[in-house]
Every structure is written in C-alpha cells, then in structure tokens.
Amino acid sequence: MMPAQTVPNRSRRCNACGTRYEPYPRRSGAQRFCCEACRVRDFKARQKLLFPPGPVRKLDEPPQDQAGRLTAACARILGRLLQGPATNLELAAAGGIRYGARIHELRQLGHDIRTGPTEPSGRVVYRLEVAR
Ligand SMILES: [Zn+2]
C-alpha cells in the first residue's frame, strides 16, 4: 500500500488563479491561495476596491465625487437654507451634529452663507444669500 504522504493532495483551489494546489502542511487558519504571489495579488485587488485610484481629496477641499456632487449632508443643509434662514438646531437636524463643517464646505464651493449673532441661548441663525 502506498503511503498517503507521497500522493499530492491537490484538494484546494486557489482563490486568485484557480489552480489546484496542495495546502501547506501544519498551517493554522484557512489557506486560500496557492502561493504568496496570489495572496498579494488578491490583497491588492481588494485594496483597489476600498481605495479606488484617483485624485485624493486634500483636507482643505470640500468633499465631492468625480461628478462634483455634494455629499448628502451638504445637500440637505443647502436644501434647508434655500427654504429660508435656519437656526443651528434646524441645520443640525438637517445635516447632523457636524453641520458647521458642512457649512464650511458649502462656503468653499462658493455658497454665500451668512451667520447671525449668537444669542445668549446659543441660538444662531444662518442665512443663504442667493445671487439675483
Ligand atoms: Zn494561485
């Protein structure tokens, strides 16, 4: 009878290249690739999905996608301000607790948003100046 060890056990199929391979002996964890090159290739493909190549937004630039659209929170705040002056509480309800950052981004996009005086209660009124 032939010893089992001499028979190649090509029971696994590589997740990257599809080749059947014999798993490394005495390895803990699930081995999914036939070789290191395939493991690295798969890792880099996944990274590309998470961090697509393209221009990286600088911290002082407003967040825009390639089409130049506003983020959802910016769009909600702008939509609220287009209806008329809004208090900080109303803007927080529309754009989240970081509404101030979204206003900063909208201003960087050229929207003329004016801030009224802070009342003793902490209430502030924001107003969008619409060009006529
Ligand atoms: Zn492979």
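Tutor: Buried means under 20% relative accessible area, exposed over 50%, and partly exposed in between (1.4 Å probe, protein chains only). This is a predicted model, where local features need pLDDT of at least 70, side-chain atom pairs count only at pLDDT 80 or more, and totals for chains, interfaces and linings use all residues. Residues are numbered from 1 along each chain as its sequence is written, and side-chain values use heavy atoms, with hydrogens and water left out.

Student: Zinc first. Which residues are the protein donors of the zinc ion?

Tutor: Cys14, Cys17, Cys34 and Cys38, each through SG. They lie 2.2 to 2.4 Å from the zinc ion. Donors here are N, O and S atoms within 2.8 Å of the metal (3.2 Å for Na, K and Ca); water is not among the atoms, so sites may look incomplete.

Student: How are the donor residues spaced in sequence?

Tutor: As C-x2-C-x16-C-x3-C.

Student: And why is the arrangement around the zinc ion called tetrahedral?

Tutor: Because the four donor atoms subtend angles of 104 to 112° around the zinc ion. Four donors qualify if all angles lie between 85 and 135 degrees.

Student: Is Cys38 buried or exposed?

Tutor: Cys38 is buried, at 4% relative accessibility. Cys34 is partly exposed, with a relative accessible area of 22%.

Student: New topic. In helix α4, which residues are buried?

Tutor: α4 covers residues 99-108, and Tyr99, Ala101, Arg102, Ile103, Glu105 and Leu106 are buried there. Helices (H or I, at least four residues) and strands (E, at least two) are DSSP runs, numbered from the N terminus.

Student: What covers the buried residues of α4?

Tutor: The cover includes α2, α3, β4 and β5.

Student: Take α3. Which residues in α3 meet α4?

Tutor: Asn88, Leu91, Ala92 and Gly95. Their partners in α4 are Tyr99, Arg102 and Ile103. Contact means heavy atoms within 4.5 Å.

Student: And which residues of α2 meet α3?

Tutor: Ala73, Arg76, Ile77, Arg80 and Leu81 in α2. On the α3 side, the residues are Glu90, Leu91, Ala94 and Gly95.

Student: What sits just after α4?

Tutor: Gly110, with a positive phi of about 105°.

Student: Last one. Where does Pro117 lie?

Tutor: In the loop between β4 (112-115) and β5 (125-129). Pro117 is exposed, at 69% relative accessible area.

Student: What is Pro117 in contact with?

Tutor: Arg123 and Val124, leaving aside neighbours within four places in sequence.

How values were computed:
Tetrahedral: all angles 85-135°; square planar, octahedral: opposite > 155°, others 65-115°.
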